[in-house]
Structure formats: structure tokens, C-alpha cells
Amino acid sequence: MGGEDCSFEDIYRGHSGMVYRLALRMLSRVEDAEEVTQQVFLAVHRSLKTFEGKASLKTWIYRIAVNCSLNLLKKRKNRFEVPWMEGFDPADTKSVTEQKIAAEEGQSKVADLLECLNEDQKVCILLRAQEGLTYEEIADVLHINVNTVRSRLSRARMTLIAQKKGLL
Amino acid sequence: MNCGQIKDILLTDFLDGRLSLESTKTVDEHLSGCLACRALLMSAQQVDAQIKSVPVIEQAPFHVWARIANKIAQPVFCWQDFLGWGGRSRFVYGSVMAGLIVILFVANPILSQRRMATADSDADIVMQLVYADEDSFFIEADLSGIDLGSIDYL
Ligand SMILES: [Zn+2]
């Protein structure tokens with residue numbers, strides 16, 4: 001599916017769910033997931049004319065979504081590392097975060113579980129287990145080779161199993 | 001195949017269905033005789049199932065689209081758009097601008113020479129007028145300096 005073949009609104013309808021889901025899992029906050037979704041589709045709208053269809057539209061949008069999520073995650077981490085400068089308590093934010101996730105998904109356990117992974121592993125396992133992408137598609141999205149995808153998934157699952165045993 | 005070798009395959013290729021029929025058979029044979037590897041596989045399947053178990057979100061919340069549509073609808077001033085300076089037209093614009101610059105450089109000395117010549121002839125005409133009809137020229141000049149309020153004095 002090329003960028004020229006369908007309208008921007010069609011593209012949004014077909015892909016907003018996957019972007020929002022991924023961002024929500026990456027960032028654990030509804031507001032951040034909405035922010036990422038907005039950023040992603042504004043970027044898609046700007047670049048649609050130059051999208052050459054070398055990658056699939058889905059892969060391309062996932063790539064933008066991963067980049068935007070990681071950028072916002074980095075910004076948020078910086079924000080949390082100096083909370084006294086902005087005058088808020090990270091513990092407060094966490095309880096708000098948990099409430100939001102619980103309200104939105106009733107699945108805060110999953111968010112807790114994923115917290116033990118580093119960002120690379122988190123992206124890989126989400127693209128595989130949640131989004132159902134193949135190893136080749138994940139490699140394409142992240143610009144890495146399939147062996148790297150494989151080893152990240154192996155480590156992610158190993159860590160998650162250990163974490164789950166500790167949690168239960 | 002021992003447990004150490006099989007562990008990595010279980011957590012990736014086997015779980016994700018990437019093994020050939022023959023390799024799958026080999027792993028299955030190991031699993032049937034190894035409780036530890038069966039337990040590991042089961043744990044991995046549970047982890048994946050938990051991640052997959054999120055409620056299906058087919059669309060982002062509607063107000064996100066409303067915000068995006070609103071942003072897109074706002075005209076953003078951009079010089080590149082204003083000049084049509086993007087994509088394929090960039091080359092055309094570059095050529096046209098280069099041409100204009102060359103024309104200005106070549107034409108400038110010619111034009112300034114022509115301007116000097118024009119200036120000379122204008123001065124000549126003025127002088128001819130002054131000498132040919134000195135009175136009428138000065139009368140005209142005087143009248144032009146008088147405003148309506150002082151006409152009564154004349
Ligand atoms: Zn074994």
C-alpha cells in the first residue's frame with residue numbers, strides 16, 4: 001500500500017490503533033500515548049508525499065512510532081531525574097499513572113512486568129507478542145538484523161520469566 | 001541436543017514458529033523427556049499470553065484525531081511553499097534565479113551607460129527651454145510656487 005493510494009484519514013484509521021497501543025505500552029501513560037499518536041501522524045502527514053514505498057506503510061509508521069515513543073521516554077526520564085526542579089513528586093505521578101492505566105486497560109500488571117526490560121527489549125517483545133510482527137518486520141522497523149531481533153527477544157523473555165516468578 | 005542449546009531456541013524460533021518441521025521434531029523429542037525445558041516453554045508462553053491479553057484497541061481515542069485534523073487544517077506559513085520551492089521545481093527555480101543574476105550582471109553596465117546618456121539629453125532639453133523661452137519658463141516656475149491663499153495678491 002503506497003502513500004498515494006489512499007487518503008490520510010484512511011491511513012490514520014488503519015494505523016492509529018497500533019501506534020496508540022504501542023505508545024501506551026512503551027510510555028504507560030494515556031496522555032503520552034496520545035501525544036505520540038499525534039506526533040506520529042503529523043509526521044506521516046508531512047512526509048507522505050516523499051514516502052517512496054520502499055518499506056511497507058505499516059513498517060514505516062511503526063518506525064516513526066518507535067522513534068517518537070523513545071524520544072518522549074527520554075524526555076520524561078530527564079524530567080523525573082530532576083523532579084525537585086519542577087516541583088512535583090514522582091511518587092504522585094506514579095500513582096496517577098497506575099490509576100490511568102488500570103482505568104484504561106485494567107492491566108497494570110503487564111505494565112509492571114515490562115518495567116524490568118530495557119527499551120530495546122521492550123520494543124522487540126511488544127512488536128512481536130503484542131503486535132504480531134515477524135522477526136523480519138521487526139528488523140525492518142528497527143533497522144537491525146534478524147539475529148539481533150532474535151537475541152533481544154530471547155533476553156526479554158528470559159528476563160520476563162524471571163520477573164514473573166519473582167512477582168508471583 | 002542438551003538443555004543449554006535448546007533453551008535459546010525454545011524462547012525464540014520454537015515459540016514463534018520459525019523452525020523447520022525436522023527441527024521442531026527434534027525439540028519435541030527433547031521436551032517429552034525434560035521437565036525443566038517444558039516448564040521454561042510454558043512460562044514463556046504465559047508471558048507472551050499476558051502481553052497479548054491487552055484489550056484490543058482498534059483506534060486511538062477520537063479526540064486525538066480531532067486534534068490532528070485541527071493542526072493540519074491550520075495554514076502554516078512556509079517560505080518553501082510560498083515560493084513553490086520544493087521537490088522537482090527546485091532545479092527549475094535554481095536555473096531561473098541563476099539566469100536572472102547573470103542578466104543583471106551583464107545588463108547593469110549597459111543600462112547605466114544608457115542612463116547617463118538619457119541624463120545628458122534631459123539636461124540639454126532643460127537648458128534649451130530656459131534659453132529659448134526664458135520668461136515663460138520662470139513665470140511657470142513662479143506660479144507653481146504660489147498656493148491658493150496668495151493668489152489674491154496677484
Ligand atoms: Zn531440557
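Mentor: Happy to. A salt bridge here is a side-chain nitrogen of Lys or Arg within 4 Å of a carboxyl oxygen of Asp or Glu. By that rule R157(A) and D48(B) are joined through their side chains, N to O, at 2.8 Å. The pair runs between chains, from helix α9 of chain A, where R157(A) sits, to helix α3 of chain B, which holds D48(B). Helices are DSSP runs of H or I with at least four residues, strands are runs of E with at least two, and both are numbered from the N terminus.

A word on the ground rules before we go further. This is a predicted model, in which local features need pLDDT of at least 70 and side-chain atom pairs count only at pLDDT 80 or more, while totals for chains, interfaces and linings use all residues; side-chain values use heavy atoms, leaving out hydrogens and water. Residues are numbered from 1 along each chain as its sequence is written, and chains are lettered from A and ligands numbered from 1 in the order in which they are written.

Now, how hidden is our pair? Both R157(A) and D48(B) are buried, a word that stands for under 20% relative accessible area, with exposed meaning over 50% and partly exposed anything in between (1.4 Å probe, protein chains only). For R157(A) the relative accessible area is 0%. The side chain of R157(A) also reaches the backbone oxygen of L11(B), at 2.7 Å. Contact means heavy atoms within 4.5 Å, and, apart from residues up to four places away in sequence, the list for R157(A) includes I125(A), Y135(A), T12(B), L15(B) and D16(B).

In soluble globular proteins, nonpolar side chains tend to be buried together.

On the other chain, L10(B) lies in helix α1 of chain B and has a relative accessible area of 0%. Its contacts beyond four places in sequence include V27(B), L31(B) and L40(B). The C-alpha atoms of L10(B) and L40(B) are 8.2 Å apart, although 30 residues separate the two along the chain.

D13(B) forms a salt bridge with R150(A), with 2.8 Å between the closest N and O atoms, and another with R18(B) at 3.3 Å, N to O. D13(B) counts as buried at 11% relative accessibility, whereas R18(B), at 34%, is partly exposed.

Finally, let's step back to the whole interface. Chain B places 33 residues in contact with 39 residues of chain A. The two chains bury about 3,400 Å² between them, 62% of it from carbon and sulfur atoms; buried area is the accessible area (1.4 Å probe) that two parts lose on being put together, summed over both. In chain B, I51(B), I57(B) and W65(B) lose the most area to chain A, together 19% of what that side buries.

There are 7 salt bridges between chain B and chain A. Helices α1 (3–14), α3 (35–52) and α4 (62–73) of chain B each supply at least two residues of the side that touches chain A. The most comes from α3(B), with 9 residues. By class, that side of chain B has 16 nonpolar, 7 polar and 10 charged residues, where Ala, Val, Leu, Ile, Met, Phe, Trp, Tyr, Cys and Pro count as nonpolar, Asp, Glu, Lys and Arg as charged, and the others, Gly among them, as polar.

Conventions: Polar contact = N/O pair within 3.5 Å; in protein donor to acceptor, adjacent residues only side chain to side chain.
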